[in-house]
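Work through the exercises below with the model in view. Each task is followed by a solution in steps.

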Amino acid sequence: MTLTDHDVAIDVRPLSGWTGAEIHGVDLSQPLDDHTVAEIRQALLQWKVVFFRDQHIDHAQQIRFGGQFGDVTPGHPYEGDAAPPGFPQIHTVSPKAYDERYGRRYQKQFGVNGPGWHADVTPLINPPSHSILRAESVPAFGGDTQFTNVAAAYLGLPEPLRAFIDGLRAEHRFGASYDADRSNERIGEWVRTKPLASIHPVVRVHPESGERVIYVNPGFTTRILDLDPRQSRHILDLLFEQIDRPEYTVRFKWENGSVAFWDNRAALHLAPRDVEHLATDRVLHRITLVGDTPVGPDGAPSESIAGEPFLAAN
Ligand code: SIN
């Protein structure tokens with residue numbers, strides 16, 4: 001078993017002022033020593049998402065890499081049957097996989113890759129702490145993923161607005177931006193028969209860094225509690241505009257063998273919108289790590305409305 005040499009510091013190359021760094025000098029196919037794991041963790045805390053190039057690893061190696069940073073969950077709370085045989089932890093992201101999972105009308109409504117900025121599965125009471133996405137086969141151009149730093153976005157708000165949102169809570173619901181009446185679509189059936197929803201603080205305190213982050217997203221957040229619907233819409237739109245500001249984002253150009261590793265507690269991501277215009281397929285594989293229950297600035301934890309905690313895969 002080869003271990004990464006702990007005397008060699010990893011090479012962290014930031015990609016923008018706030019968000020994202022490429023890490024060089026690490027071979028993800030091999031077990032990492034504690035020092036390297038700690039350095040990657042530190043880079044994640046600072047940059048919210050880190051990227052690796054030329055890592056031609058397989059499902060088992062991706063799962064082992066993730067397992068050095070936490071417990072690996074099943075691929076998706078709804079989609080155990082969609083995982084590749086023998087790898088329940090893998091969630092494959094591709095137009096074909098989404099077509100099979102969600103049905104064609106989902107694609108028509110959102111494009112092939114889902115409904116906008118989000119962190120992974122925030123309707124859970126304990127949304128995954130991290131996600132690791134590996135590119136198996138990507139087009140030569142296009143299909144980029146964007147990430148935004150929601151700690152920086154929070155800090156960029158004026159103080160009175162921060163103080164106001166610090167006290168708010170919001171509902172997150174799977175299928176929030178989807179028309180659940182589509183009875184012949186699998187996603188509509190899940191939303192009706194196995195709802196997944198939680199109340200989370202609008203501002204979450206990051207459990208490792210102590211930073212406050214904007215913890216709502218257009219993919220899953222339905223409403224802010226204790227406001228009337230119009231007020232809730234206005235505040236959410238204001239926050240969605242804030243997280244979308246270019247200064248907090250980074251855009252990642254994939255190559256075969258690229259790996260993105262992000263902190264869902266401090267970053268949102270936006271899947272590409274141009275996939276339908278690309279001639280070649282785009283196949284990536286994602287794993288997620290078990291997360292904890294969010295806590296707001298007042299110390300109050302999230303509350304589950306429907307669904308079970310998302311724990312380690314067997
Ligand atoms: C995801 O939302 O996890 C997939 C991101 C992507 O397709 O780039």
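**Exercise 1: A hairpin**

Strands E1 and E2 (residues 21-24) are joined by four bridges and pair in the antiparallel sense. Strands here are DSSP runs of E with at least two residues, and helices are runs of H or I with at least four, both numbered from the N terminus. Two strands count as paired if DSSP finds at least two bridges between them. The model is predicted, so local features need pLDDT of at least 70 and side-chain atom pairs count only at pLDDT 80 or more, while totals for chains, interfaces and linings use all residues. Residues are numbered from 1 along each chain as its sequence is written, and side-chain values use heavy atoms, with hydrogens and water left out.

Task: Find the bridge partner of Pro14 in E2, and state how many residues lie between E1 and E2 in the hairpin.

Solution. 
- Step 1. Pro14 has Ala21 as its bridge partner in E2.
- Step 2. The hairpin of E1 and E2 has six residues between the strands.
- Step 3. In the turn, Gly20 has a positive phi of about 90 degrees.

**Exercise 2: The sheet of seven strands**

Task: Give the order of the strands in the open sheet of seven strands, and name its edge strands.

Solution. 
- Step 1. The order is E1-E2-E3-E13-E5-E15-E4, and the pairing is mixed.
- Step 2. Strand E1 (11-14) and strand E4 (91-93) are the edges, since each pairs on one side only.
- Step 3. On average, neighbouring strands of this sheet are turned by 25 degrees against each other, direction ignored. Axes are lines fitted to C-alpha atoms, for helices over the stretch in contact, and angles between N-to-C directions run from 0 to 180 degrees.
- Step 4. E2 and E3 run parallel and are joined by two bridges; Glu22 has Phe51 in E3 as its bridge partner.
- Step 5. E3 pairs with strand E13 (residues 259-263) in the antiparallel sense over four bridges, and Val49 has Trp262 in E13 as its partner.

**Exercise 3: The sheet of three strands**

Task: Which strands form the open sheet of three, and in what order?

Solution. 
- Step 1. The order is E12-E6-E14, with antiparallel pairing.
- Step 2. The edge strands are E12 (249-252) and E14 (267-270).
- Step 3. Neighbouring strands of this sheet are turned by 20 degrees against each other on average, direction ignored.
- Step 4. Four bridges link strand E6 (residues 145-149) to E12, and Gln146 stands opposite Arg251 in E12.

**Exercise 4: A salt bridge**

Task: What is the partner of Lys48 in its salt bridge?

Solution. 
- Step 1. A salt bridge is a side-chain nitrogen of Lys or Arg within 4 Å of a carboxyl oxygen of Asp or Glu. The structure holds 16 of these salt bridges.
- Step 2. Lys48 pairs with Glu211, with the closest N and O atoms 2.7 Å apart.
- Step 3. Lys48 is in the loop between helix H1 (34-47) and strand E3 (49-52), and Glu211 is in the loop between strand E9 (203-205) and strand E10 (212-214). The two residues are 163 residues apart, linking distant parts of the chain.
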